[in-house]
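Have a look at the strands first, then at the aromatic rings.

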Amino acid sequence: MGNPKAFLTVPRQEAGYRPIHERITDFGEVEQTLNTGARKLQASRCMDCGVPFCHWACPLGNRPPEFQDAVFRGEWREAYDILTATNDFPEFTGRICPALCEKSCVLNLSMHAPVTTRENEAAIIEAAFREGYVTPHTYPRCGQRVAVIGAGPAGLAAANQLNRRGYDVTVFDKNEAPGGLLRYGIPNFKLHKRVIDRRIRLMEEEGITFTMNTPIDEDHLPEGYDAWCICTGTPTARDLNVPGRDLKGVHFALELLAQQNRVLAGQTFSKAERVTANGKHVLVIGGGDTGSDCIGTSHRQGAQSVTQIEIMPKPPVGTNPATPWPQWPVVLKTSSSHEEGCERRWCLTTNRFIGDSKGHLTGAEVEEVEWLPNPDGGRPIMKPTGKKEVIKADIVFLAMGFLRPEQKARPEGVFVAGDAATGASLVVRCIAGGRKAAADIDAYLSSRR
């Protein structure tokens with residue numbers, strides 16, 4: 001490294017977010033960026049550890065010490081080459097990845113101030129696009145065809161890798177545009193859709209065909225292909241089957257998020273179809289990232305109030321002795337959406353939804369629970385306490401995760417990747433899964449030539 005002791009004198013500096021009063025008025029990306037000089041300083045904090053836990057923790061096997069050193073030296077083209085050797089889409093992960101690399105950074109384990117690896121990654125790829133390093137390439141064709149079913153991060157990664165190996169690739173998707181949950185599940189204020197469109201244009205220029213608005217029955221895959229890669233994600237959201245679930249105003253989170261993204265893309269919906277928090281008291285059930293996205297979207301739509309409830313206990317701030325490294329640290333996360341205003345409550349289960357005589361939601365009855373140690377080990381036991389109350393709500397968003405797709409026997413030549421194989425996971429893991437599936441398909445088809 002150019003300065004192996006920089007971490008002693010250079011403090012961690014994050015780019016931060018746009019001011020709250022400004023950002024809640026639009027759906028532009030909330031995260032800011034540092035100037036080139038400050039970004040070089042942040043990259044200099046990487047110590048090039050003898051055992052780089054960041055590399056070990058990354059599902060893609062990214063090599064942060066190498067690309068951080070290149071950034072510190074001002075070699076942005078070199079940093080881009082190193083980064084894209086393992087990551088097909090740094091512009092996605094650089095914006096929305098929870099940065100497993102940073103959770104494993106030695107500077108995080110020792111002083112809770114990891115290198116800003118995720119932000120550095122985003123800076124590298126944006127510099128590459130800005131400086132013209134990212135250009136379409138043509139690859140010799142091998143004469144075999146592969147169909148990818150699903151245009152989410154796993155499908156896009158599989159298609160990208162297969163195309164580079166010389167296969168003629170067609171990506172099928174039920175939606176009107178590629179991206180999967182990147183496009184229809186993640187709000188623009190975290191990932192603007194022009195970032196996806198930019199990448200899709202490049203993939204098309206390199207020879208990949210996208211066939212949209214085309215649902216595919218997995219039991220009747222399109223003919224004329226030598227292999228198929230199923231990347232259909234986890235389409236079934238976890239429901240909450242309690243009395244009042246059918247009241248008007250109770251929605252799955254993606255009903256809000258997908259529709260809002262479509263509205264921003266220019267689509268129109270009737271008043272009856274529109275899912276909006278404007279002027280309403282919002283209740284979000286579920287404490288994860290999807291719930292956070294509902295909060296931020298509700299603010300931008302003009303919600304009167306927002307409450308988020310979670311059935312699990314409130315995690316500690318900073319460190320959690322119950323989840324030491326290398327486990328994922330279960331600690332309190334405050335997102336940009338939470339900062340914009342939200343009442344957050346924990347250890348609450350929902351007993352029923354309450355409505356008026358016209359079938360419209362007016363509130364939710366919740367009950368406090370406590371979690372007791374399981375005498376047999378494993379997951380703690382939830383015990384209702386009998387302490388009930390009604391939370392006023394005109395609209396509810398269920399953000400409780402997704403059900404894992406059923407795994408079934410598949411014919412020869414059919415491969416599965418991403419959430420369709422593992423259940424709901426991270427975008428970075430889906431990209432890794434798509435890359436692995438492409439390698440497996442290549443090995444399978446190469447043996448048949």
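## Strand 7 and its neighbours

A crossover is called right-handed if, with the strands pointing away from the viewer, the path from the first strand over the helix to the second runs clockwise. Strand 6 (residues 281-285), helix 14 (residues 289-301) and strand 7 (residues 305-310) make a right-handed β-α-β unit of this kind. Helices (H or I, at least four residues) and strands (E, at least two) are DSSP runs, numbered from the N terminus.

Strands pair if DSSP finds at least two bridges between them. Strand 7 runs parallel to strand 6, joined by five bridges, and Leu-283 has Thr-307 as its bridge partner. On strand 8 (residues 343-346), also parallel, four bridges join it to strand 7; here Ile-309 is partnered by Arg-345.

## Where the model comes from

The model is predicted: local features need pLDDT of at least 70, side-chain atom pairs count only at pLDDT 80 or more, and totals for chains, interfaces and linings use all residues. Residues are numbered from 1 along each chain as its sequence is written, and side-chain values use heavy atoms, leaving out hydrogens and water.

## Charges over rings

A charge sits over a ring if NZ of Lys or CZ of Arg is within 6 Å of the ring centre and within 35 degrees of the ring normal. Arg-262 lies over the face of Tyr-184, at 4.1 Å from the ring centre. Arg-300 lies over the face of Phe-189, at 4.1 Å from that ring centre.

Key: Buried means under 20% relative accessible area, exposed over 50%, partly exposed in between (1.4 Å probe, protein chains only).
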